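I'm opening the notebook on this one. I'll jot down what I look up as I go.

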Amino acid sequence: MTGATGFLGSHLTHALLEAGCAVTVLARSSGTRTARDRALDALGRIAPHPSDARPAFDGLEVVEGDIGAPRAGMNAATWRRLADSVDEVWHAAASLSFMEARRSEIFRMNVDGVRQIIALAERTRGRRLHHVSTAYVAGRRTDLCRESELDMGQEFRNPYEESKCRAEALIREAHASGRIVASVYRPSIVIGESATGRATHLHGVYAFIRGMWTLAERMRGKNGRDIVEFGLRVRGSDDATLNFVPVDYVIRAMLRIGSLPSSGGATYHLTNPEPTPNGQWLRIVCDQVGIRGVRLASRAAFAKRPMTRLEDLFHRKMAFYSRYLEGEPRFDRVHAQAGLDGTGIVCPRVTESFNRKMTGWYVDRLRADLRAG
């Protein structure tokens, strides 16, 4: 397993351990924290223990490495041992940065890393690889994107999307040549658990919510009011959507589909059949953080009336995330639906009440962090 310190990877690792699997995790150390400490910390956040004792997670082995380095950062002996002992490889590690300035590092992790993982998988007994990608390999497309499609000449919003597309191309080539047996999973925007809204990692959409919260707090500090009222245009379209999927649905779906002998060689959109309208989501975020007067506006509207200083500051800080408010593809789910039929595994509808629960959980956490100093 790669990516066990991340959002999806930690939940996937936790689920496999709970199912009684022996899992070897490849992770990096960081500063004064060992690779094992980082992995245990991530796993411990999924099901917090009432005591200070951290669960041992029987069946877990942690190996230090770096997927972007030769042999994924492992020495030759460890590389051979894993190739001889591993039944399946699950690859969930990735750089989640959207920044153009970090393009080289993003491609090192997301494309060169896939080359290393393919090289390991093809040396295992089953040559079985499960790869976690993203539905947004579709880039700026706004038409219906099929699971069977990949490079359709689309433009990309950022290096992350482009790198994940290039990584999938490598996996398709390796599968077609018989070197590996690969399944590719494309979740959309992964959010917290469906029952509580709780999330263990706070990237992507949570960064946007945090930006709105920070803006509201600064304005509250100036006028002392609970509700901040001002005019702020955010680039986007009320008619466009955001495709949210709860993390527990994604994990259950991947494990179910991955267990099917027929799943090798296919790609699966783990997306919501009922995406959330931007206007609804933004209104809920504003309600939760205490802001009034925010609205979505088109590029044409900004061309007609240029940004204010506040709007310019907001867009420069939130550009990586707000681009998704301008429109997204529609995703077919033919393969995913076939793999999940009859299992009872259904993507929950992200209704208005669900959105309030998800956003409210995070805003409550931000408030608690502020009170704690």
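I started in the loop between β2 (60–64) and α3 (76–85), where Arg-71 is found. A caution before I go on: this is a predicted model.

**Backbone in the loop**

I looked up phi for Arg-71 and got a positive value of about 55°, although Arg-71 is not a glycine. Then I moved to Ala-72, which is also placed in the loop between β2 and α3. Phi of Ala-72 is near 55°, again positive in a residue other than glycine.

Are these residues buried or exposed? I find Arg-71 partly exposed, at a relative accessible area of 38%. Ala-72 comes out at 0% relative accessibility, so I put it down as buried.

**Cysteines**

How many disulfides does a search of the whole structure find? I got zero.

For Cys-347 I asked which cysteine sulfur is closest. The closest one belongs to Cys-145, and the gap is 17 Å, too far for a bond. The cut-off I need here is that a disulfide takes two cysteine sulfur atoms within 2.5 Å.

**The whole protein**

Next I zoomed out. I note twelve helices and 14 strands for the secondary structure. The radius of gyration is 21 Å, close to the 21 Å from the globule rule for 373 residues, so the protein is as compact as a globular protein of that length. I also took the span of the C-alpha trace along its principal axes, about 65 × 50 × 45 Å.

How much of the protein counts as buried? I have 53% of the 373 residues.

Taking contacts between residues at least 6 apart in sequence, 81% join residues at least 24 apart.

Last entry, on charge. I have 54 positive and 42 negative charges in the protein, and their mean positions are 4 Å apart.

Technical notes. Residues numbered from 1 in each chain as written. Predicted model: local features only at pLDDT ≥ 70, side-chain atom pairs only at ≥ 80, totals over all residues. Heavy atoms only, no water. Helix = DSSP H or I, 4+ residues; strand = E, 2+ residues; numbered from the N terminus. Buried < 20%, exposed > 50% of the residue type's maximum accessible area, 1.4 Å probe, protein only. Rg over C-alpha atoms; globule rule 2.2 N^0.38 Å. Contact = heavy atoms within 4.5 Å. Lys, Arg positive; Asp, Glu negative; His and termini not counted. Charge placed at Lys NZ, Arg CZ, Asp CG, Glu CD.
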